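Hi everyone, thanks for making time for this.

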Amino acid sequence: MIGFQHRRRFRPVLSFLALGGAGVGLVVASLSPAGQAPGRDAPLSASAVSAASRLAGTTAAPTVNCPSVADQLPDVPAAAAAEVRRNLQLLDSQIAEANQRLAATEGQGGRNFVQNSILGPLKSKRFATVERIAGAIGRVAERPEGLEDLAACAVRTGAASGGQAAATPEPSADPSASDQPTGQDQDAADPSASAEPSAEPSADPSASQSARGRGSAARTVNCPSVSGKLPQVPSSARREVDRNLALLDRQIAQANQILARLGSRAGNGNVVRGAVLNPLRAARSIVINRIANALRRAGAQAGGLQGLAACTVQNGAGGGQTPAPDPSASPTGDPSASPSPSGGADPSASPSGSASPSASPTGGATGPSPDDFVDIRRVQPNVNRPADGADASRGTFSSRCGTNGNGHFNSDNVIVAPGVTNGAHHVHDYVGNLDTSGFSTNESLQAAGTTCSNGDKSTHYWPVVRLQNQRGNDADKAGGGLDGNVGRIVRPASVSITFRGNPTSKVVAMPVFLRIITGDAKSFTNGPTNANASWSCTGFENRQLKDKYPICPRGSQVVRTFKFQSCWDGSNIDSANHRTHVAFAAADGTCPNGFKAIPALEQRITYNVPPGPGFAVDSFPEQLHKPITDHGDFINVMSDALMKRAVDCINAGRRC
C-alpha cells in the first residue's frame, strides 16, 4: 500500500444528487475555504496554483469551493497509485479552470449563470474523474463508496485561501431553485438539472391541483423494483449487485428527505419533477447501469433494467420500490415511443471494470448502451407528410456548404453561451460561416467568409459523431476527452442544407440573425418534449428513429436529420429560452395564431461508419450519448437579396 496520508474512513453521505451529476441546482453558498487541497503526494499543478494566487489577490473575489476527494481516500494500493494521483491532479486543474472562467465571466448572464455555465459543467467533470479514481482502486482492492457524492461544488465570496472544504456541500435548501428558468436552454446548462421541468415525459400522478398545500409527510417517492427484475445473480457479481441495490434504497431515502423539505410546494408537479424526480432518475440510471454491467461481466443476462430508473410520487406512507412494470410493454423499434429513461452504458465502460476503447483514461465517457441501437430493417415505415393545399409553397432552396473540409470545430455555443469558451462541453461540427465561435457577434458573422457556394453566410452546427473505439486527437482537451467525449471524430460524407415551403401557405422572409435551436441536448433527463433529431439509413428514409441509433445494412450510410421550427412570431430573432420566438407547424402545416410561416430549414447529414454499434454523438456526460439528445443550431446570416431569392423560389414552386 502507498499511504496518501488521508483518512481511511469516509464521511457517510447519502446524497443521490451527486450520483450521475444530477442536482437540484446548488445555490451560490458561503462555505469554508475555496478550492481543493490534495494530499502531500499529489501537489497542485503550477497552473492551479497560479490561478488560485491570482484570485486570492482580492478578498471580494468569488472562488469555486469543492469538497476534498483526496482526504476521503483509503490507503491507495501501489498498483493504483499513479492513476489515482493523475486524477487527483486533474481535479485540481478542473477547479483552476473553473476559477479562471468565474473571473473571466464575472457579471455575465442572469442569476443562474454561474450554476449553469460553471458549477454544473464542473460537477459533470468531477463526477467522471472521481469515478475513475474509485474504479482504479476497485480493480485491485475494495472499491471506495461515496466518492461520487463529492462531485458538487459551490462558490464562496471572499478570500481564496487555496484550502479545501472538508465537508460535502449540502443540496440547496431551496429545491425550487431548479424550477426557475435559466434562460440557457441546453448546451450551457447543467446537463443534469432540468431547465424545463415541464418537459418531463411522465407527469407526477399525485401532483394535481388538489394536492397543493398538503403536508409533505403524506407524500413519498415510489420507484419500480430493480431487485425484482434481476435474473439469478452469479456469485462473482453478488457483492457488487447487492452494494448497488442498497445504494438505490439510499437514493430513495434521500429523495424523500428533499420531498419533505419542499413542504407545501410538494403539491406542485413542476417543482417535484425538477427538484426530486428528474435528479433521482439520472442518479438511478447510473446505479442501474452498474448493476447491468456487473451482471454482463459475470455472463448473466441484464436486459429489461433500463426502464426502471423513473420514479413517481404517491400519497400515503410507504414509497420505496414497488414491483416494476413489464419492460416488454415498450416496443424497442418504435421511433415514436418515448425514450427509455435508462442510463444504459456500454458494459465495457463500467467505472469499476477494466479500461476499454470507449472509456479512455482521460475521458471517463459512458454510453451509449447496446440497447440504443436497432436494425433499421426491423423498423416499420413511419413517415407521413401532409398533403399540399391550394396555397401551398412547394419550392425548395438549397445552400451547398460542404462537409466541414476546413476542420471548423469547437466546443462553444454562441447562441446559448455567448462569450464563453467551451460553453457547450461537447464538440460542434460547423458548415457555412467561417467565424462561428462562442465570441462571434452579429457584426463578425456578417463580415466573415463562408463555405457555402452561393454566398450564404448563415451558420449551421451540430454535435460531432465519433467512432468510440478509436482514439481522438482531443482526448486530453476540453469538449473532448476532458468532458467525457471520446473517440475519433467522423467527418460527414455529405451535408444538405435545404429550405422548404409550407403545405398551407406562402412563406415570408426570415429576419437576419434569427437564431433557432432544434432538439434538446438534455432530452435524456428532461424528457422527449423538445427532442427533434431523427436517424435513419440511406435507402430506408421512410423509417425515422428519434430515440435509437440505426444499424444500417452494409453499403448503406447513417442519415441524421434536423427539421427546424418553421413558424416565427414576426418580431423576435431570439427568446430567453431560445425557443418561444419560433414554433413547429401543426400536423397539417398550419402555424399557431400570431405566427408566420418561414422557410423550413432541414439539415441532412450522412456518415460512413461501420455497421452496428460503435458510433455516437457528443453529449454531456449524464446524457450518456443517447441519440435522443441530438440537436442542431442555426443563425440566419443571409443577405436580404439572397433571402428574397430563396422566398421567391419557394413560393413559386421552383427548385433552386
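Let's begin with Glu602, which forms a salt bridge with Arg500, the closest N and O atoms being 3.4 Å apart. Glu602 sits in strand β21, residues 600–607, and Arg500 in strand β13, residues 494–500, so this pair ties together parts that are 102 residues apart in sequence. Arg500 is partly exposed, with a relative accessible area of 35%. Please keep in mind throughout that this is a predicted model.

Arg143 forms a salt bridge with Glu131, where the closest N and O atoms are 2.9 Å apart. Where do these two sit in the chain? Arg143 is in the loop between α3 and β2, the latter being residues 154–157, while Glu131 is in helix α3, and the two are twelve residues apart. Arg143 is buried, at a relative accessible area of 9%, and Glu131 is buried too, at 6%. Arg143 also forms a salt bridge with Glu148, with 3.4 Å between the closest N and O atoms. Here again, Arg143 and Glu148 are both buried.

Since Glu131 has brought us to helix α3, let's stay there for a moment. Helix α3 covers residues 113–138, which is 26 residues. From its first C-alpha to its last, α3 reaches 36 Å, close to the 38 Å expected at 1.5 Å a residue. If you follow α3 along, where does it bend? The bend is at Leu119, by about 30°, and a proline, Pro121, follows within four residues. And how enclosed is this helix? Of its 26 residues, 24 are buried, so α3 is largely enclosed by the rest of the structure.

Now for the disulfides. A disulfide is a covalent bond between the sulfur atoms of two cysteines. This model has six disulfides. If you number the bonded cysteines of the protein in sequence order, the pairing reads 1-2, 3-4, 5-6, 7-8, 9-10, 11-12.

Cys66 is in the loop between β1 (62–65) and α2 (78–104), and Cys153 is in the loop between α3 and β2, so to speak a link between distant parts of the chain, 87 residues apart. The torsion about the S-S bond of Cys66 and Cys153 is about 110°, so this disulfide is right-handed. Both cysteines, Cys66 and Cys153, are buried.

Next, a disulfide joins Cys223 to Cys311, with an S to S distance of 2.1 Å. Cys223 lies in strand β3, residues 219–224, and Cys311 in the loop between α5 (269–297) and β4 (312–315), which puts the two 88 residues apart. The torsion about the S-S bond of Cys223 and Cys311 is about 110°, so this one is right-handed. Cys223 is buried, with a relative accessible area of 0%, and Cys311 counts as buried at 7%.

What about the handedness of the disulfide between Cys537 and Cys552? The torsion about that S-S bond is about -85°, so the disulfide is left-handed. The S to S distance for Cys537 and Cys552 is 2.0 Å. Cys537 is in strand β15, residues 533–537, and Cys552 in the loop between β16 (549–551) and β17 (558–563), 15 residues apart. Cys537 is buried at 0% relative accessible area, and Cys552 is buried at 7%.

Last stop: a sheet. Three strands form an open sheet in the order β12-β11-β22, with antiparallel pairing. Which strands are at the edges? The edge strands are β12 (488–490) and β22 (615–617), each pairing on one side only. On average, and ignoring direction, neighbouring strands of this sheet are turned by 40° against each other. Strand β11, residues 465–467, is joined to β12 by three bridges, and the two run antiparallel. To find your way around, look for Arg466, which stands opposite Ile489 in β12.

Note on methods:
Residues numbered from 1 in each chain as written. Predicted model: local features only at pLDDT ≥ 70, side-chain atom pairs only at ≥ 80, totals over all residues. Heavy atoms only, no water. Pairing = 2+ DSSP bridges. Axes fitted to C-alpha atoms, helices over the stretch in contact; angles between N-to-C directions. Expected span 1.5 Å × (residues − 1). Bend = angle between axes of the 7 residues up to and from the residue. Buried < 20%, exposed > 50% of the residue type's maximum accessible area, 1.4 Å probe, protein only. Salt bridge = Lys/Arg side-chain N within 4 Å of Asp/Glu carboxyl O. Disulfide = S-S within 2.5 Å.
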